[in-house]
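Okay, thanks for making time for this one.

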Amino acid sequence: MNRIAKTLHFDAGLLTLTSVSIEQTIAFGRWLANHLVADDIVSLDGDLGAGKTALTRGLAEGLGCQGPVSSPTFTLLIEHPAQLGGLALFHFDAYRLSDSGSFCEIGLDEYFTQKGVSVIEWGEVIADILPTQTLYILLSQQDLNQPDSRQIEITWPGCPDRLAALIQRLKEDDSC
Amino acid sequence: MTSDLILGIESSCDETAAAVVADGRVILSSVIASQADLHSAYGGVVPEIASRMHVEAILPVIDQALEEAGKTLTDLSAIAVTYGPGLVGALLVGLSVAKGLAWATGKPLIGVHHIEGHIAANYLADPDLQPPFLCLVVSGAHSHLVLVEDYGRNTVLARTRDDAAGEAFDKIARAIGLGYPGGPLIDRTAEGGRTDAFALPRSRFADSLDFSFSGLKTAALNQFNRFHQQAEKAGSEVWDVISLQDFAATYQQAIVDVLVDHTFQALDQTRLKRLTLAGGVAANSCLRRCMTDRAADAGVLLSYPPLWLCTDNAAMIASAGYYAYKAGRRDELSLNATASLELTDDRYADSDARDLSI
């Protein structure tokens, strides 16, 4: 079982988890998907290779979307249509964008209200236009000698109640 | 015998392009308004500029393509246009103009899959090429192994599960300070460098020929950071610890090894002896060299388009459109741009494209 919560730390609105493998990161995404609703937005940040696309793959699996989840770096957006009873996943990548102006100019922000879950890799590039309900996840590698291990830092400044509920579920839920 | 002239239109990413191609094989004109110079200043595509540039460029580009071909709209048999995958905003520019022209002239409209266009660049490069063959399509957005059973009949044997090969080049190039576009820069920097300066993984899946470049990219980045640490301890610069040339050559070789190995496994599985390359990464000199050597050993006939046909252009769209036209395919004016269009199997299953004589 790919448990995610190897260590769990909560302090002043910041939830910190440790993933020891890419599989655990995917498993966390799968678990998180169950706690998201239509028009939720997840901003993913972290260096190259931190696991942003992997976490998104877990989210897609958790939402029941089909088909491969590959990097949208060149296409900027890959849409994963909703399957029966599920939500669509809009997978963005702002890596190549200069700022939020470029994002809005081509109407990508309109997806935020299309009854799906929006995930934005390199979300910090468009931080100024992210809605208040945005969930922020920062992935980072802590130690070069543990190349597969990642720290996952979660903040949800616009929704403290939902973050609290998420932490509660994470403590209860042993299966993730 | 009069030939069938197809006007091809392409606007799925950086390039606004139009071309006139005769009988799917002979390029009468190919005009490309590129934004690459503009984008390199920003380190990548700038979509708001991209969409606006497409709008401004599309009509002059089409006019120029017709003029250089010495043809008018009435000479055409059909209008072929890329309708996916790509940026919807960019795709719509070409598609809307193509629809307008089709409606105004009464000529058939034919939507073309961008990857099918890349594959068709090989028909323009090699007049003798006939299906079946295997095609490795590698670019910034795609890494596909496609079995081309017949004109317009494609099976995707493998695709990337994370990053495309070109993306793996671009991201590491940016991370180590080489800049954009990463592929050509790494290719040039790697020339003459050691290809085994440090160890890198070659990811593979037990049950599939799918590609994965994410682990390789991360491993290279970790290695780069380790070299950095060593340099800091020694009070020197990172490229004193390992030469930039060796780093680039080792990284490039790892990507190429994966592409070559999977391609030749697919050839084994399909028992095909005919191989083509397509997409911007097909211009990589190490990939071409390694593919050529391996093909010679395996008795496989390899061909690939020249660089200017590997990158996005409209001649390849016109060529693919010609074979769709001959197979009887026609699209309605309601055709929509599709951002994540699949390269479907048996797209022209109703018509017997095998009887095509050109």
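This is a predicted model: local features need pLDDT of at least 70, side-chain atom pairs count only at pLDDT 80 or more; totals for chains, interfaces and linings use all residues.

Before anything else, a term: when I say salt bridge, I mean a side-chain nitrogen of Lys or Arg within 4 Å of a carboxyl oxygen of Asp or Glu. Residues are numbered from 1 along each chain as its sequence is written, chains are lettered from A and ligands numbered from 1 in the order in which they are written, and side-chain values use heavy atoms, with hydrogens and water left out.

Let's begin with chain B and its domains. Chain B splits into domain 1 (5-125 + 309-326) and domain 2 (133-308), with bounds from an automatic or database domain assignment. Their centres, taken over C-alpha atoms, are 28 Å apart. Domain 1 of chain B puts 23 residues into the contact and domain 2 of chain B puts in 26; contact here is heavy atoms within 4.5 Å.

How much area do the two domains of chain B bury between them? About 1900 Å², with 68% of it on carbon and sulfur atoms. Buried area, by the way, is the accessible area (1.4 Å probe) that two parts lose on being put together, summed over both. On the domain 1 side, B:Ile119, B:Asn122 and B:Cys310 supply 31% of the area buried against domain 2 of chain B, more than any other three residues.

So what holds charges across that interface? The rule finds 0 salt bridges between domain 1 and domain 2 of chain B. It does find 9 residue pairs in polar contact, both at pLDDT 80 or more. A polar contact is a pair of N or O atoms within 3.5 Å; within protein, one must be able to donate a hydrogen and the other to accept it, and residues adjacent in sequence count only if both atoms are side-chain atoms.Over the structure as a whole, though, there are 13 salt bridges across all chains. One of them joins the side chains of B:Glu342 and B:Arg159, at 3.0 Å, N to O. That pair links distant parts of the chain, 183 residues apart: B:Glu342 sits in the segment after α12 (315-326) of chain B, and B:Arg159 in strand β8 (residues 153-159). Helices (H or I, at least four residues) and strands (E, at least two) are DSSP runs, numbered from the N terminus. B:Glu342 counts as partly exposed because its relative accessibility is 43%; buried is under 20% relative accessible area, exposed over 50%, and partly exposed in between (1.4 Å probe, protein chains only).

Another salt bridge pairs B:Glu167 with B:Lys171, closest N and O atoms 3.0 Å apart. They are 4 residues apart in helix α5 (residues 165-175) of chain B, so about one helical turn separates them. Both B:Glu167 and B:Lys171 are buried.

Last stop, chain A. A:Ser71 lies in the loop between α2 (52-63) and β4 (77-80) of chain A, and with a relative accessible area of 8% it is buried. Its side chain makes a polar contact of 2.9 Å with that of A:Thr73.
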